[in-house]
Each structure stands twice: as C-alpha cells, then as structure tokens.
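Me: I have a protein to go through, chain by fold. Let us take it in short questions and answers.

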Amino acid sequence: MDGTLPRPISLPQMHAPHPETWLKTTPRGLYVEPGDFYIDPTAPSDRAVITHGHSDHARGGHRHVLATAQTLSIMRLRMGDEAGRQQQALQYGESLTIKDVTLRLIPAGHVLGSAQVVLEYRGSRAVVSGDYKRRRDPTCPPFDVQSCDVFVTEATFALPIFKHPDDKDEIAKLLQSVQLFPERAHLVGVYALGKAQRVIMLLREAGYDAPIWLHGALVGLCELYRSSGLDLGEFRHVGDMPKSGLVGQIVLAPPSAIEDRWSRRLPDAVNCAASGWLRVKQRAKQRGLELPLVISDHADWDELNATLDEVGAPEVWVTHGREEALIHAASQRGIRTRALSLIGFEDEDPV
Ligand SMILES: [Zn+2]
Ligand SMILES: [Zn+2]
C-alpha cells in the first residue's frame with residue numbers, strides 16, 4: 001500500500017434531458033410534450049393544467065382541466081359549462097403521473113387556489129410558477145420554494161422602480177381617510193378575484209368591523225372565499241341601497257366602476273384603488289384617484305430577484321411582463337436566462 005486512497009470509481013452519469021427538450025413554447029403557451037398537456041393554454045385544449053383562476057390563465061373550453069379544487073370552483077363560478085368538460089382536482093403537494101411526467105402543484109401565494117406546477121421528467125425538473133408573490137396574504141398559503149433545473153417566472157413588476165410598500169400602511173391610509181371624511185363614502189377599485197378579498201381581510205386585521213359594501217360583480221367570489229373557510233366578516237351587496245345608507249361606508253367595486261355611472265349612487269365618493277401599478281403616480285392621476293393604495297398580488301423587483309436566488313435554478317425562463325430588466329439582472333449573477341415572450345398574458349388590473 002502506498003498510502004494513497006483508491007480512486008473513486010466513477011458511476012455511469014445519468015444524463016437528464018434538458019427541460020427545453022421536453023417543455024416547449026407553442027403559440028398557445030407552454031406544452032409538456034412527454035405528458036401531452038398544456039399549462040394555462042390560451043386556446044381550447046385537450047388537456048390543460050391551470051395555475052390559477054385569473055382570466056388570462058384560466059380560459060374556457062378545455063376538455064380536461066387539472067387544477068387545485070379552489071381554482072376549479074373559481075372557474076365554474078366564472079364560466080359555468082365552459083370551465084372544462086372534465087375537471088380533476090389535485091391537492092397541494094400531491095403527485096400525479098401523466099404519461100411520462102410526474103406533476104405536483106405547490107402554493108404560489110398569489111390568490112386562493114393559485115399554484116406553481118412542478119414537473120419531473122427523467123430526472124430533470126422544471127417549475128412553472130404562474131403568477132406569484134412573496135408577501136403574507138391572509139387569503140392563501142405562502143409561496144413554496146422548490147429547487148429545480150429550470151424556473152419559469154413572470155415579470156409583471158420587473159423594474160427597479162416597483163417596490164411595493166407594506167400593505168398594512170396602505171390600509172391605514174384608507175382608514176384614516178374614512179375617519180377624516182365621515183360624510184363621504186370610500187369607493188375602492190379592486191380586482192374581483194384576489195384583491196377584493198385580500199383588502200377585506202386586511203381591513204378586518206386592522207380592526208375594521210363594520211359591514212363592507214360590494215358591487216354586484218364581487219359578491220360571488222367573496223361568497224366563494226367565505227365558503228372555503230375564510231372569515232371575511234359581514235359584507236353586503238350595494239344593490240338599491242339609497243345614498244343616505246352609504247354615508248361613511250367602505251364600498252368595493254371593480255376598477256372600471258369608478259369611472260362608470262354606477263359610482264354616482266354613492267354619496268360624494270372618495271375614489272380609491274388598490275393595485276401595484278399605482279406606484280406610478282401618473283397612473284393614479286390619469287384615473288382621477290384621490291387615494292391610490294399600492295397593494296399588489298405580484299412580486300416586486302426585489303422579491304422577483306430574491307426568489308430567483310432562493311430557488312437557485314441554474315436557468316430561468318421569463319414568461320410575461322417586463323422581461324429585459326430581470327433577464328439582465330439574473331445574467332449578471334450567472335443565471336442562464338431565456339425570454340419566452342408568451343402572448344396573451346396581461347395583468348388583469350391595469351389601473
Ligand atoms: Zn394572476
Ligand atoms: Zn398573469
């Protein structure tokens with residue numbers, strides 16, 4: 001024996017296929033070839049896996065739809081028979097094999113039921129994160145960090161100017177204004193799925209326990225959130241309530257209702273809206289908002305970058321939004337990047 005350690009025997013290398021050989025960009029969105037299904041397809045498809053209920057991701061007319069039970073009920077509420085001829089629910093963390101692919105849904109922290117799709121094929125793993133955020137949201141479980149070979153990310157707010165403030169401070173501004181103007185109503189423009197229910201929960205957490213008034217377009221989704229176990233407190237449909245009954249009240253409505261005749265039924269409304277876009281002051285001005293609230297259901301610039309670092313994937317694909325800045329920042333840190341430039345995904349709430 002000459003004292004040297006035996007050379008390790010090199011094991012035969014398992015060559016996992018690169019995700020770009022099996023996860024393909026097509027005109028209707030991401031296609032998982034060895035499983036023969038699409039993720040959030042933009043046209044009616046035979047098999048669709050849906051990340052969440054927003055209308056740019058959950059479209060009607062698919063034959064078979066796989067999603068979380070909450071996303072499936074949101075789809076049924078919004079599109080009835082168009083929600084998919086066959087629906088299959090998968091719980092967070094449960095795994096399912098579709099042909100040669102193993103799939104899991106894990107929380108994305110975006111809205112009720114929102115999921116990232118974890119895909120595994122012959123030792124290669126990709127995560128399609130859909131839309132996501134990293135802040136605490138009382139209406140859904142937090143984003144789950146999953147390591148992978150390729151991480152597919154959105155880039156809605158991928159510019160350094162987008163830094164979302166603390167949502168508690170934004171809600172405090174609303175409550176201060178309600179105190180300051182007790183003779184007026186406060187009309188808050190909110191997107192119907194996710195933002196409305198989050199704003200209600202934040203108001204409850206801040207101690208506001210009066211009934212919250214809703215535009216008819218928000219009632220169904222608030223009821224759905226309540227039936228899934230969320231205590232939104234008392235909410236009421238504005239309906240034919242006379243102006244006098246809405247003095248000093250908080251009213252939630254879709255953002256479009258602010259400029260609509262509908263808002264005239266409110267007593268001297270203070271126009272507010274809750275959106276990540278309101279970081280851009282010009283947007284608030286254009287919409288005639290007196291009280292813009294910067295509350296977003298997407299990750300901001302720092303959170304997008306921190307997420308790429310935490311997930312630690314050597315390669316990141318960017319689906320939609322402001323890809324260039326994020327691609328530049330990620331490349332600087334040695335992450336391989338690719339812009340997928342998927343068409344048909346827009347922020348639904350361009351306030
Ligand atoms: Zn979304
Ligand atoms: Zn989206």
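Me: How many bridges join strand S5 to S6?
Reply: This is a predicted model. Strand S5 covers residues 64-67 and runs parallel to S6. Within this pair, His64 has its bridge partner in S6, namely Gln86. The number of bridges joining S5 to S6 is four.

Me: Which residues of helix H6 are buried?
Reply: Helix H6 spans residues 301-311. Buried means 20 or more other C-beta atoms within 10 Å of the residue's own. The cover over the buried residues includes strand S11 (150-155), strand S18 (315-321) and helix H7 (323-332). The buried residues are Trp301, Glu303, Leu304 and Leu308.

Me: Which residue follows H6, and what is its phi?
Reply: The helix runs over residues 301-311. Next comes Gly312, with a positive phi near 70 degrees.

Me: How many residues does domain 1 bring to the contact with domain 2?
Reply: Domain 1 is 19-161 + 298-339, and domain 2 is 167-293. Their centres, over C-alpha atoms, are 29 Å apart. Domain 2 brings 15 residues to the contact, and domain 1 brings 16.

Notes. Residues are numbered from 1 along each chain as its sequence is written. Chains are lettered from A and ligands numbered from 1 in the order in which they are written. This is a predicted model: local features need pLDDT of at least 70, side-chain atom pairs count only at pLDDT 80 or more; totals for chains, interfaces and linings use all residues. A residue is buried if 20 or more other C-beta atoms lie within 10 Å of its own, exposed if 12 or fewer, and partly exposed in between; C-beta atoms are placed from the backbone. Helices (H or I, at least four residues) and strands (E, at least two) are DSSP runs, numbered from the N terminus. Two residues are in contact if their C-beta atoms, placed from the backbone, lie within 7 Å. Two strands pair if DSSP finds at least two bridges between them. Domain bounds come from an automatic or database domain assignment.
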